[in-house]
Every structure is written in C-alpha cells, then in structure tokens.
Amino acid sequence: MHGVSHWIVYLVGFAAQFFFAGRTIFQWIDSERKHEVTSPAAYWGLSVTGAFLMFIYGVMRDDFSIVLGQMISYFVYLWNLDAKGVWKQLNIVLKEILLLTPVVAVFLLLDNSGKVIGNMFHNESIPVWLVVFGSAGQVIFTLRFVYQWFYSQHHHESMLPRGFWIISLIGSGVIISYGLFRRDPVLILGQSFGFIVYVRNLMIGFRKKEKHEQAGV
C-alpha cells in the first residue's frame, strides 16, 4: 500500500463494493417486482462507478488481478449505458472523463511499469501462483460481461441472460477463495452477497421459462 493509510485503501475498496452491491440489490428488486430477469439502466450506471473505484483500489493494493478485472469490463458497462439510451443524455465533459480515465490510468501504469510489475508480481505477501489464481477468477468473472455483451448485441438490446448468472457463480467462487487466501475483507464480503442474487436470478429465469412453456409460447 506504499505509504497510503490502510483505512483509506479499504475505504475506497468498500465504497466500490457499496456501488456493486447497490447495482445487485437494485437489479434483484426490479426483477422480483417484474417477475422476470431485468437489465435496468441503474445497474450499469452503478457498475461504472464501482469499477472506477475498484480500479483505484486494485492499484493501491498492488493487485494485478483486481486491476485486470476492472479494465476488461469497464467499457462493457459503458456500452450497456449507450444501449439503454443513457449515454447520449450525459454531459459531454462527463463523457470525456469516463472515456479518458481508464486510458490515462493505463498510461500511468505503463510509465511506472517496472515498479508496478515488481510490486504486483514480486510482492512477498502475494506468491505468483496466488496472483495467477486470483487473475483467473477475475477473468472468469469478467467473461460474464463479455458474454452478456455478445448476447445483447445479437438480440439488439441490453439483457442479462441465464449464462451470465452461471458464469457469475463460478467466477465469484474463485474470487472468494482468492480473498480468503489474501485475507481481503473487501473481496470476501462483496462476492459472498452476490451468490444469493445470482442463484435467485437463475430461479426467476427458470420460472419464467416454465411459464412460457406451459403457455405454449
């Protein structure tokens, strides 16, 4: 954490998880109310905010797996905001900030790549195998958004299909294990709550499918 107070680092991490939890709760309530799995615009807005903060947290923790996970999914969130018609309503300055922030962050990391790589891959508190394990979890977890993006592109609307929740369960399980190894309360608490919602969305989806089959749709 290199001179940064542990409290500040964890404050940023928990703030990110607050937004991620908020998106999950909002989507869950909306789905329960409509009796089908929904993809509300607020889900993607909260995702962008949480990803931005989580990226900062990953850098402050010298944690490559966290940084990797956020970089991959960030622009999928923005695409979904655009698909929901929210992006065009945003102020031009805010748009530029959202688009340029990850680019600037990457350049900052590259400019200091030797130190960053040393801290992330040669950190005595994080063995290489654990970095690889954690990165695998983040990649799997992030692939759910890649899958969601392709699925939504095919159907020409922002959706959260069944496969999204199945991949979420697998990736979340790996990340929780990684968090236990690292004794990281931010990852453990953030991912554990999601398990319930992922399972519930699968149940809602199966129930909706059964009703359609019974109705002959």
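Author: Of the 217 residues of the protein chain, 42% count as buried. Please keep in mind throughout that this is a predicted model, and that every value here is computed from it.

Reader: How many helices and strands does the protein chain have?

Author: The protein chain has 8 helices and 0 strands, and reading along the sequence gives the pattern α-α-α-α-α-α-α-α. As for how the chain meets itself, among contacts between residues at least 6 apart in sequence, 74% join residues at least 24 apart.

Reader: How many aromatic pairs does a search of the whole structure find, and how is the geometry of a pair to be read?

Author: The search finds 13 aromatic pairs. The angle between the ring planes sets the class, with over 60 degrees counting as edge-to-face. The rings of Phe 18 and Phe 19 have centres 5.7 Å apart and planes at 80 degrees, so this pair is edge-to-face. Phe 18 is exposed, with a relative accessible area of 60%, whereas Phe 19 is partly exposed at 24% relative accessibility.

Reader: What is the geometry of the pair formed by Phe 141 and Tyr 198?

Author: Phe 141 and Tyr 198 form a tilted pair, with 6.4 Å from centre to centre and 55 degrees between the planes. Because Phe 141 lies in helix α6 (residues 128-155) and Tyr 198 in helix α8 (residues 185-215), the pair ties together parts that are 57 residues apart in sequence.

Reader: Are Phe 141 and Tyr 198 buried or exposed?

Author: Buried means under 20% relative accessible area, so Phe 141, at 8% relative accessibility, counts as buried, and Tyr 198, at 5%, counts as buried too. Both residues belong to one aromatic cluster, formed by Tyr 43, Trp 44, Tyr 77, Phe 141, Phe 145, Phe 164, Trp 165 and Tyr 198.

Reader: Which residue lies over the face of Phe 141?

Author: Arg 144 lies over that face, at 3.8 Å from the ring centre of Phe 141.

Note on methods: Residues numbered from 1 in each chain as written. Predicted model: local features only at pLDDT ≥ 70, side-chain atom pairs only at ≥ 80, totals over all residues. Heavy atoms only, no water. Phe/Tyr/Trp six-rings, centres within 6.5 Å; stacked < 30°, edge-to-face > 60°. Buried < 20%, exposed > 50% of the residue type's maximum accessible area, 1.4 Å probe, protein only. Helix = DSSP H or I, 4+ residues; strand = E, 2+ residues; numbered from the N terminus. Lys NZ or Arg CZ within 6 Å of the ring centre and 35° of its normal. Contact = heavy atoms within 4.5 Å.
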